[in-house]
Amino acid sequence: MTIVCDDKTSSNTTIAELGFFIFASVLFFAKGIGWYDGMPVFKLFFIVASIGWLVKVLLTRYSVNEFISSFLLLFISFISYRMSGEKGILVAAMIIVGIKGVNLKKQFRVYTWIWIASCIINIFLCYAGISPDYASPREKFGSTFLSCNLGFSNHSVLQMSYMAFAMMFVFAYYEQMNKKRYLWLFIGNIIFYMYSFATTGFICCTMGLLLSYLFGEAEQKGKGIRLIRTAAKLVLPVCIVFALVAPLVNNEKI
């Protein structure tokens, strides 16, 4: 029998949120410290995280439509994972299904610092010579530079890890964000780019910070906020469709 609870109530809700917190925080720590799919330690952490997710789902009440759409999303994501070998799409689907009823603002304030702590540990282990430094030459601006990945699996992961921190920080502390904080986050983006030379990650982080700042300005001044909110709702569906469809495409015919 499935144990369920309403989103508004009681100890079951608290336990359900704790289950999602365990799921997310364990994965945040594992990825932040530089572990990746295929490593035995990451597989162990993924199992622990999946148990937390299962608890959250079993203790959450879903409507019939939500149950059907969630099942289809998980099923398609699992097929995509089996075809591509990448767990990313499956984890994304698990997040979407399990996120119902979760106080994200409250939890992300913890996730942000878990991510920071794990990344700092990874960088420290790299400088201490314990974690491998996957340094590699990069051709940029007509010259060759040596990128330092600071313990992460490659230069792109390093830059995207900083972007993840920046976006998490903006979300968790959105009400306290101002021009100075956005500027400091952008300076951090530049500093990490000087290590990674990962242009795509740098541009994505810059655009994320810029759009977040413009959204805040529009919200305060009451101009263009309706258009921005409408466009923002399209981001997740477009990303989901791309992530689900792309692995099914036969690359040999492209």
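Is Phe-197 buried or exposed? The model is a predicted one, and in it Phe-197 has a relative accessible area of 10%. Since the cut-off for a buried residue is under 20%, Phe-197 is buried. Its place in the chain is the loop between α7 and α8.

Leu-150 can be read alongside it. This residue sits in the loop that runs between β2 (143-147) and α6. Phi of Leu-150 is near 55 degrees, again a positive value in a residue that is not glycine. With a relative accessible area of 4%, Leu-150 is buried.

Next comes the core. The largest nonpolar core holds 45 residues, and Phe-23, Phe-165, Leu-185 and Leu-209 are the ones that touch the most other members. Two or more residues come from each of α1 (10-32), α2, α3 (64-84), α4, α5 (104-127), α6 (155-172), α7 (179-196) and α8 (199-221). The most is given by α6, with nine residues. In soluble globular proteins, nonpolar side chains tend to be buried together.

Leu-185 shows the contacts in detail. Leaving aside residues up to four places away in sequence, Leu-185 touches Tyr-162, Phe-165, Ala-166, Phe-169, Val-170, Met-177 and Leu-209.

Leu-209 also belongs to the contact of α6 with α8. The axes of these two helices come within 8 Å and cross at roughly 10 degrees, and α6 and α8 are therefore roughly parallel to each other. On the α6 side the contact is made by Gln-159, Met-160, Tyr-162, Met-163, Ala-166, Met-167 and Val-170, which meet Gly-201, Phe-202, Cys-204, Cys-205, Gly-208, Leu-209 and Ser-212 in α8. By type, these residues are ten nonpolar, four polar and no charged.

A further helix pair is α2 (residues 40-58) and α4 (residues 88-98), whose axes come within 10 Å and cross at roughly 30 degrees. Angles under 35 degrees count as roughly parallel, and α2 and α4 are therefore roughly parallel to each other. The crossing of α2 past α4 is left-handed. Phe-46, Ser-50, Trp-53, Lys-56 and Val-57 of α2 meet Val-91, Met-94, Val-97 and Gly-98 of α4. The residues of this contact divide into six nonpolar, two polar and one charged.

Terms used: Residues numbered from 1 in each chain as written. Predicted model: local features only at pLDDT ≥ 70, side-chain atom pairs only at ≥ 80, totals over all residues. Heavy atoms only, no water. Axes fitted to C-alpha atoms, helices over the stretch in contact; angles between N-to-C directions. Helix = DSSP H or I, 4+ residues; strand = E, 2+ residues; numbered from the N terminus. Parallel < 35°, antiparallel > 145°, perpendicular 65-115°, else oblique. Left-handed = near helix turned anticlockwise from the far one by under 90°. Contact = heavy atoms within 4.5 Å. Nonpolar A, V, L, I, M, F, W, Y, C, P; charged D, E, K, R; others polar. Core = buried A, V, L, I, M, F, W, Y, C linked by side-chain atoms within 4.5 Å. Buried < 20%, exposed > 50% of the residue type's maximum accessible area, 1.4 Å probe, protein only.
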